[in-house]
Amino acid sequence: HLSSQNAYTMEAVLQESTEAKSEASAEPGRPATEPWKWRHITVDAGHGGPDRGVAIKDNTFEKDIALAIARKLRWALETRLGVTVVLSRAGDQALSLDDRIAAANLARSNLFISIHTGNFGDSMVADSFAYTAKWLGDENSAVETGTTRGLFVPWWQAQRNSLTWSERLAECVQAEMNRAWNGGQKLAFRRSPIKLLSALAMPAVLVEIGNARVPDFQAKVQSDAFQNLVAATVAAAVEKFRPLHERP
């Protein structure tokens, strides 16, 4: 207590603990052990309201497909994992990127998955990809994040502390999609400067399903059978990722 200034000073000291030693002993570049169990997942249906996304077919838009798949994915995740799963939007309402980010961060979600359809200019490309965040001019962000544990980061870069985990999640999702409907190709997930992902404080991926410009995809993506396959595939990937990230 500084009586002359009517103020108090406080010193915060990090106590040595088993958890701290575990993190310190982790191999450089590998995610540190995180001592918690999952309790909350956010599934984000892209677009919504007047933001329709890309046109699919017969007055069906990306926002409709994304919501249909998101609903099925919520059910699949809750059934497989027994974790509370919340949709960023439950209906066809407009929702800003900042609203989606704030809701997931305030809920302290353990995972964030955003569903979209692809819109590649080449109508011959019909593959699906998982995306993680990337910062322009920062090609080594993943390596830095794996070896540096910053106490404070700007809110718009909150993803930096979770990026290594996001990339592990993206690897799982991409591998399952490659097996299920990418023809067994060994496609890698992609990194992109996506605003939605960069400010999320948990492992987060954006999944683009197929290519809306491909006629065959336009037909099948509206079917319950394909949407159920997408939900089951992404849920299987999350199930494989869970033991890597969750700790008792």
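**Exercise 1. Place Gln218 in the fold and describe its surroundings.**

Start with the secondary structure: Gln218 lies in helix α7 (residues 215-220). Helices (H or I, at least four residues) and strands (E, at least two) are DSSP runs, numbered from the N terminus. A word on the source: this is a predicted model, where local features need pLDDT of at least 70, side-chain atom pairs count only at pLDDT 80 or more, and totals for chains, interfaces and linings use all residues. Residues are numbered from 1 along each chain as its sequence is written, and side-chain values use heavy atoms, with hydrogens and water left out.

Next, accessibility: Gln218 is buried, at a relative accessible area of 17%. Here buried means under 20% relative accessible area, exposed over 50%, and partly exposed in between (1.4 Å probe, protein chains only).

Now the neighbours. Leaving out residues up to four places away in sequence, Gln218 touches Ile56, Lys57, Ala212 and Arg213, where contact means heavy atoms within 4.5 Å. Finally, the Gln218 side chain reaches the backbone oxygen of Ala212 at 2.7 Å.

**Exercise 2. Work out the strand order of the open sheet, then find the helix that packs on it.**

Walking across the 6 strands gives β4-β1-β5-β8-β6-β7, with mixed pairing. Two strands pair if DSSP finds at least two bridges between them. At the edges sit β4 (84-87) and β7 (190-192), each pairing on one side only. On average, neighbouring strands are turned by 25° against each other, direction ignored.

Then look at one pair: β5 (residues 111-117) and β8 (residues 204-209) run in the parallel sense over 6 bridges. In β8, Ala204 is the bridge partner of Phe112.

The helix to find is α5 (residues 163-180), which packs on the sheet and touches β5, β6 (129-133), β7 and β8. Its direction makes about 175° with that of β6; axes are lines fitted to C-alpha atoms, for helices over the stretch in contact, and angles run from 0 to 180 degrees between N-to-C directions.

**Exercise 3. Which residues of helix α3 (residues 97-106) are buried, and what do they pack against?**

First, pick out the buried residues: Arg100, Ile101 and Ala104. They lie on the same side of α3 because they cover an arc of only 95° around the axis, taken from the directions from the helix axis to the C-beta atoms.

Second, list the partners: the buried residues of α3 pack against β1 (40-45), β5 and α6 (195-198).

**Exercise 4. Find the residues that touch the most other members of the largest nonpolar core.**

A nonpolar core is a set of buried Ala, Val, Leu, Ile, Met, Phe, Trp, Tyr and Cys residues joined through side-chain atoms within 4.5 Å. Of the 45 residues in the largest one, those with the most such contacts are Ile41, Val43, Leu73, Leu77, Ile113 and Val238. Helix α2 (62-81) is among the elements that each supply at least two residues, and α2 gives the most, with 9 residues.

**Exercise 5. Are His47 and Asn59 buried or exposed?**

His47 sits in the loop between β1 and β2 (55-57) and is buried, with a relative accessible area of 19%. Asn59, in the loop between β2 and β3 (60-61), is exposed at 71%. Neither is a glycine, yet phi is positive, about 65° for His47 and about 60° for Asn59.

Conventions: Polar contact = N/O pair within 3.5 Å; in protein donor to acceptor, adjacent residues only side chain to side chain.
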